[in-house]
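Visitor: Please take me through one part of this model at close range. Start with the backbone, then move to the side chains around it.

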Amino acid sequence: MGYTAIVDYGVGNLKSVANAMAYIGRSTMVTSEAAELDRADAVILPGVGAFPDAAKRLRDSGLDRAVIAQAGRKPILGICLGMQLLFDWGDEGEICNGLSLVSGSVERIQTDRKLPHIGWNSLTLQNESPLFQGLEDGCYVYFVHSYCGWALREEDVIARTQYGPSITAAVARNGVYGCQFHPEKSGEVGLQILKNFGALNQ
């Protein structure tokens, strides 16, 4: 059995993702090497922090091109900021480009509730996806964010949550998946999502 590459570009929540994958019996390699992404069976792009800094780190390291090169060849999962980077662009402080693997933008949540949005929220599932196989509509996952992705194509959105307005919680496009929430911190639901992702390359 191969391994899942967890992309290390200096802003990811690497250890908790690796630990969660190990818990479900999936081999991983935390790496900043493009060649390891190429050899891997799947790729996880984690992320914590601000969009511009993360996008710059990806570009400067060349890992932006490495991740894009794997799209369509193997499953990719962006988590939290990693999901946001899948979009065309973000405006967190300044407008800058993302990876353009999902069409749309990343913008601040327009809500009268406190930001960042921290805590457990339920998912409304839509556009059936293998990422949520075995899970029920209304399952709870853990969020930490102030910005979120806005997909141009509604068919790319596979889950929403409510935080004042309805916001994008998960996306999927041509084998590229994104979760705005943290599956590695979402208990049994999150572990099932990671199991489902791991099964995509079997």
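Guide: Cys80 lies in the loop between β4 (76-79) and α5 (81-84). Helices (H or I, at least four residues) and strands (E, at least two) are DSSP runs, numbered from the N terminus. This is a predicted model: local features need pLDDT of at least 70, side-chain atom pairs count only at pLDDT 80 or more, and totals for chains, interfaces and linings use all residues. Residues are numbered from 1 along each chain as its sequence is written, and side-chain values use heavy atoms, with hydrogens and water left out.

Look at the backbone of Cys80. Its phi is positive, about 55°, although Cys80 is not a glycine. Cys80 is buried, at a relative accessible area of 7%. Buried means under 20% relative accessible area, exposed over 50%, and partly exposed in between (1.4 Å probe, protein chains only).

Asn127 also has a positive phi, about 50°, and is not a glycine. It sits in the loop between β9 (124-125) and β10. Asn127 is partly exposed, at 36% relative accessibility.

One more backbone feature: the Leu115 to Pro116 peptide bond is cis, with omega near 5°. Pro116 belongs to the loop between β7 (102-108) and β8.

Leu115 and Pro116 both touch His145; its contacts beyond four places in sequence also take in Ile109, His117, Ile167 and Gln180. Contact means heavy atoms within 4.5 Å. His145 is in strand β10. It is buried, at 4% relative accessibility. A polar atom of the His145 side chain lies 2.8 Å from the backbone oxygen of Tyr147.

The structure holds two aromatic pairs. Trp120 and Tyr142 have ring centres 5.7 Å apart and planes at 65°, so this pair is edge-to-face. The rule covers rings of Phe, Tyr and Trp (its six-membered ring): centres within 6.5 Å make a pair, planes under 30 degrees apart count as stacked, over 60 as edge-to-face, and the rest as tilted. Trp120 is in strand β8 (residues 117-122) and Tyr142 in strand β10 (residues 140-145), so the pair ties together parts 22 residues apart in sequence. Trp120 is partly exposed, at 47% relative accessible area.

Phe143 and Phe181 make an edge-to-face pair, 5.7 Å centre to centre with 70° between the planes. Phe143 is in strand β10, and Phe181 is in the loop between β14 (176-179) and α6 (187-199), 38 residues apart. Phe143 and Phe181 are buried.

Glu184 is buried yet has no salt bridge; Lys185, the nearest side chain of opposite charge, is 5.1 Å away. A salt bridge needs a side-chain nitrogen of Lys or Arg within 4 Å of a carboxyl oxygen of Asp or Glu. For charge, Lys and Arg count as positive, Asp and Glu as negative; His and the chain ends are not counted. Beyond its neighbours within four places in sequence, Glu184 is in contact with Asn13, Ser16, Val17, Ala20, Ile79 and Leu194.

Definitions and conventions. Polar contact = N/O pair within 3.5 Å; in protein donor to acceptor, adjacent residues only side chain to side chain.
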